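User: Walk me through reading this model, please. I would like to start with the ligand contacts.

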Amino acid sequence: MDDATTTTPTADRTAVEAAVPAATGAPDLSAARVAVIGAGNMGGPVARTMRAAGVQAEHLLIANSSQASSERAADELGATAASSRAEALATADVVVLGVKPYQILDLAADLREELPAGAVVISLAAGIRLAQIEQALPEAAAVVRAMPNTPISVGEGAVGLMRGSAVTDAQHQLVHSLFARAGVVVDITEEQVHAFIAAAGSLAGFGFAIIEAMTEEAVRQGLTRDLADALVQQTLRGAATMLLESGMHPAVAKAGVCSPGGTTAEGYAAFEREGVRAGLAATMAAAADKSRQMAGD
Ligand SMILES: NC(=O)c1ccc[n+]([C@@H]2O[C@H](COP(=O)([O-])OP(=O)(O)OC[C@H]3O[C@@H](n4cnc5c(N)ncnc54)[C@H](OP(=O)(O)O)[C@@H]3O)[C@@H](O)[C@H]2O)c1
């Protein structure tokens, strides 16, 4: 039975077993071997968070579209450039597929001969269902879909994990352990992923756009760019931290800073009048709808 909580570590335990935390103490990922096929804007942060979780540099192999690109990414991420995709895959316990969605099924089909038995495949591709990837890979391959966002590279991100039918409890625990330093890590269904993309996957990008727009206005109001950057970023981080730490409802926190007849109340009236709330909702809905469309849902 694949019960992650009952695995007994032994001297010759596998990396999957070793990653299962004992009743006390952190999971040991020092033996886990990971191949990242496509360490770009998203595969890179995924590799970085796995290093932070305890995967050794020599066990984290990067295979990009060229040797030069693999070496560049490996240097930047504190990982190892594979000399070929086959080398990266040969001993992998975990294979991360970080290529673009339109490439992933062809790549999965190419892996039919190369995927080691017992390896778990993590797909980062938006809009490509578990069943499609499972069908392209060898029969009964263990596949997890992960929907991360880029702030995982600083331990402040979010990852939604969708578990394929052949994934054992120990493999599922291993994948959770690999994302243990990413931020918030949750199991979600494929039906929930569209909302998750709106609220986390794509939201990081919207956050950057909002910060950029607010910084530009702060500069227009007369602040130096350095000061504007620091004030906007620190204030938004502080607002989020206040809510996270207090559990306060955001509407209550907002009411707390809107003094009668004051500056914030005036600014907030413009926020509603100018349709910022509706614009934010439309932005998130567009991302979720695009995800549904890509998945054919
Ligand atoms: N960006 C996000 O915020 C985000 C969020 C959630 C999920 N995702 C998902 O993450 C995946 C990657 O997106 P991205 O934005 O990271 O794309 P990206 O920056 O273009 O990265 C793609 C990577 O794939 C590599 N690659 C391309 N063809 C390859 C091949 N034949 N063999 C090996 N490696 C190959 C590229 O290598 P070279 O650099 O050498 O070309 C690059 O490192 C997508 O499936 C996307 O849906 C992205």
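Analyst: A polar contact is a pair of N or O atoms within 3.5 Å; within protein, one must be able to donate a hydrogen and the other to accept it, and residues adjacent in sequence count only if both atoms are side-chain atoms. Here, a backbone N or O atom of Gly40 lies 3.3 Å from an oxygen atom of the ligand. For Asn41, a backbone N or O atom is 2.9 Å from a ligand oxygen atom. Asn64 uses a polar side-chain atom, 3.4 Å from an oxygen atom of the ligand.

User: How much of the ligand does the protein bury?

Analyst: Accessible areas come from the Shrake-Rupley method with a 1.4 Å probe; for residues, only the protein chains shown count as cover. Alone, the ligand exposes 900 Å², and the protein buries 73% of that.

User: What should I know about the source of these values?

Analyst: This is a predicted model: local features need pLDDT of at least 70, side-chain atom pairs count only at pLDDT 80 or more, and totals for chains, interfaces and linings use all residues. Residues are numbered from 1 along each chain as its sequence is written, and side-chain values use heavy atoms, with hydrogens and water left out.

User: Which residues come nearest to the ligand?

Analyst: A residue is near a molecule if one of its heavy atoms lies within 4 Å of it. Around the ligand there are 20 residues, of which Asn41, Met42, Ser65, Ser69 and Val99 come nearest.

User: Where is Ala140, and what is its phi?

Analyst: Most residues other than glycine have a negative phi. Ala140 has a positive one, near 65 degrees. Ala140 sits in the loop between helix H6 (130-136) and E6.

User: Is Ala140 buried or exposed?

Analyst: Buried means under 20% relative accessible area, exposed over 50%, partly exposed in between (1.4 Å probe, protein chains only). Ala140 has 65% relative accessibility, so it counts as exposed.

User: Why is helix H7 called largely enclosed?

Analyst: Because seven of the 10 residues of H7 (residues 169-178) are buried. Among them are His172, Leu174 and Val175. Across the protein, buried residues make up 37% of the 297 residues.

User: How many helices and strands does the protein have?

Analyst: The protein has 13 helices and eight strands. Its C-alpha atoms fill a box of roughly 70 × 40 × 40 Å, taken along the principal axes.

Methods: Helix = DSSP H or I, 4+ residues; strand = E, 2+ residues; numbered from the N terminus.
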